[in-house]
Every structure is written in structure tokens, then in C-alpha cells.
Amino acid sequence: REWESIGCLGRIYLANEGINAQMSVPSNHWDAFEAHIEKDELLSGVPFKVAVEDSNRSFYKLKIKVRNKIVADGLDDTSFNPWNTGNHLNAIEFNQAIADGAIVVDMRNHYESEVGHFKGAILPDADTFRDELKMVESMLDGKENEKILMYCTGGIRCEKASAYFKHLGFKDVNQLKGGIIEYAHQVQEQQLENKYIGKNFVFDERLGERITDDVIATCHQCGKTCDNHTNCLNEDCHLLFIQCDE
């Protein structure tokens, strides 16, 4: 009721393990929104990851849903400590670790990494996070003593993935703090080398934020260079795929 009264839109998931909110907040009501967050001792200090691009069409309504988990991962949280996460690295630290030869793993689905990713990263061909965890476990078999860098959109999936891989015995697990979204801001603000190329896929009406001008994908129908996702209008299909204007 409080947020609808100031025109907030978005998709919020509540679960025992935490909260994930993707929101559009009217700029003239931002102070009121932030004040409401801060006055709640359970929410005070929650990190904001501000969008890289603002097109005013992220969400059209406000939805708050209770879920068993923030992200469906197929893991039994009682079998390991999901709060024992990997080290959080800022953009400078992440870039340095890449330069030092660490193994970089994209913890997103294939349709996300297809339009943008870190140079040299492992890109699992997974449809879901649940599938990807098992794929990455197989790909990293025997590399338990090497430095592992994980990244995702805003850092949510890496919280669970990094804890899980520490549980599996990996000694040096790290994650990009704030995900690609925060990395892009730090690169711009601090004039750092940008090791991410292309778009950052986002789960709202925009379907992507441009991080660099590189277009690394192609139209699934004609093969033209393109990185714009679209949802098939046939409801029996509803496939998310890359399609050029033509």
C-alpha cells in the first residue's frame, strides 16, 4: 500500500532466504521510497543496484509474491551453509583477478550470456540455474584449488552458487559484488578497463542494458548481427530468442 501510493512498480519475491526486488521508482518519489526502506529495521541498509539504462518501461504493475526460494536452484539448503558465501570483489579486484589468470564462470543462462559476457569466461549452455549448477560442477571438476570468479546480473545467483561451491570443497571462491550492474557503474565512474562485452540481459520489459557497443550475437532467423531479444507472440511457443528488425 505504501509503495503503490507513490507509484512504485516492479516484481518482488519474498522467501525464507531473503528478498529480491526489481523495481521502477518515480524519481520524484525516490526520497520517500528510500526513507520507507530505512525506517524498517529489517530492510535498512539493503543494497540498491541502480539500472545502467533507464527507458521508463521496465515494469507496468507492482507484484509481490511469496516463493519457496528466490531462485529455483534444486539445492537442499539444509545440506550446506548458504550464508557462507564467496569473497565479494569490486570491479578493480575482479579485473585484477582475471588478469592474474583466475577461472571466470558466467552463472547465468545461455540466452543471457549469448548477448554479453566477460572475455574468456566459461559460458554454460544451460536453460535454468538449476541445470547450470550441475554443469559448472562438472566443468570445474579437479580445479578445487584454483581461484574461481563467478558473476551474474546483480549478484543474487552468485550468493547461492558461491556458497554451494565452497561446500563442494573449492578453496578460493569469489563473486562480483553487485553483479554486472554494479560493475558497469564502477567501470564508468572510475574509468577502468571494461572486461565485459555486449549487453547485460535483464528480466524486465527492457530485456537488456547496453554495457558496450559490441554486438556479439546474431539473429536466430537470418544470421544478421543482432542482440535484441523478443518473446514469440505465439502463446503455445512463447520462446525468448534473438530477432533482428527485418
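These legends go with a set of close-up views of one predicted model.

Residue numbers start from 1 along each chain as its sequence is written, and side-chain values use heavy atoms, with hydrogens and water left out. Since the model is predicted, local features need pLDDT of at least 70 and side-chain atom pairs count only at pLDDT 80 or more, while totals for chains, interfaces and linings use all residues.

View 1. Helices (H or I, at least four residues) and strands (E, at least two) are DSSP runs, numbered from the N terminus. Two strands count as paired if DSSP finds at least two bridges between them. Strand 4 (residues 87–89) runs parallel to strand 8, joined by 3 bridges, and here Leu89 sits opposite Leu176. Strand 7 (residues 147–151) is also parallel to strand 8, with 4 bridges, and Met150 has Gln175 as its bridge partner.

**View 2. The crossover into strand 8.** Follow the chain from strand 7 through helix 5 (residues 156–167) to strand 8 and you have a right-handed β-α-β unit. Right-handed means that, with the strands pointing away from the viewer, the path from the first strand over the helix to the second runs clockwise.

View 3. Strand 1 (residues 9–15) and strand 2 (residues 18–24) pair antiparallel over 7 bridges, forming a hairpin with 2 residues between them. Look for Leu14 opposite Ile19. Strand 1 also pairs with strand 3 (residues 62–66), this time in parallel and through 5 bridges; Gly10 stands opposite Leu62 there.

**View 4. A salt-bridge network.** A salt bridge here is a side-chain nitrogen of Lys or Arg within 4 Å of a carboxyl oxygen of Asp or Glu, and the model has 15 salt bridges by that rule. Glu17, Lys69, Asp73, Asp77 and Lys160 are linked into a network of them. In one of the pairs, Lys69 meets Asp77, with the closest N and O atoms 3.1 Å apart. Lys69 is buried at a relative accessible area of 19%, whereas Asp77 is partly exposed at 23%. Asp73 and Lys160 form a salt bridge too, at 2.7 Å from N to O. Asp73 lies in the loop between strand 3 and strand 4 and Lys160 in helix 5, so this pair ties together parts that are 87 residues apart in sequence. Both Asp73 and Lys160 are buried.

**View 5. Helix 4, inside and out.** Helix 4 spans residues 129–139, and its buried residues are Phe129, Glu132, Leu133 and Val136. They cover an arc of only 105° around the axis, so they end up on the same side of helix 4; the arc is taken from the directions from the helix axis to the C-beta atoms. These buried residues pack against strand 5 and helix 5. On the face turned away from the buried side you'll find the exposed residues Lys134 and Ser138. Lys134 also makes a salt bridge with Glu137 (3.8 Å, N to O); the two are 3 residues apart, about one turn of the helix. Glu137 is partly exposed, with a relative accessible area of 26%.

**View 6. The largest nonpolar core.** A nonpolar core is a set of buried Ala, Val, Leu, Ile, Met, Phe, Trp, Tyr and Cys residues joined through side-chain atoms within 4.5 Å. The largest one has 19 residues, and Val105, Met107, Leu133, Leu140, Ile148, Met150 and Phe165 have the most contacts inside it. Strand 5 (103–106), helix 4, strand 7 and helix 5 each give two or more residues to this core, with helix 5 giving the most, 5 residues. Leaving aside neighbours within four places in sequence, Leu140 is in contact with Ile103, Val105, Ile122, Ile148, Phe165 and Phe170; contact means heavy atoms within 4.5 Å. Apart from this core lies another, of 18 residues, among them Ala91, Ile98, Tyr151 and Tyr196.

**View 7. Helix 1 against strand 2.** In helix 1 (residues 30–39), the buried residues are Phe33, His36 and Ile37. Their arc around the axis is only 100°, which puts them on the same side of helix 1. They pack against strand 2, while the face turned away from the buried side carries the exposed residues Asp31 and Lys39.

Key:
Buried means under 20% relative accessible area, exposed over 50%, partly exposed in between (1.4 Å probe, protein chains only).
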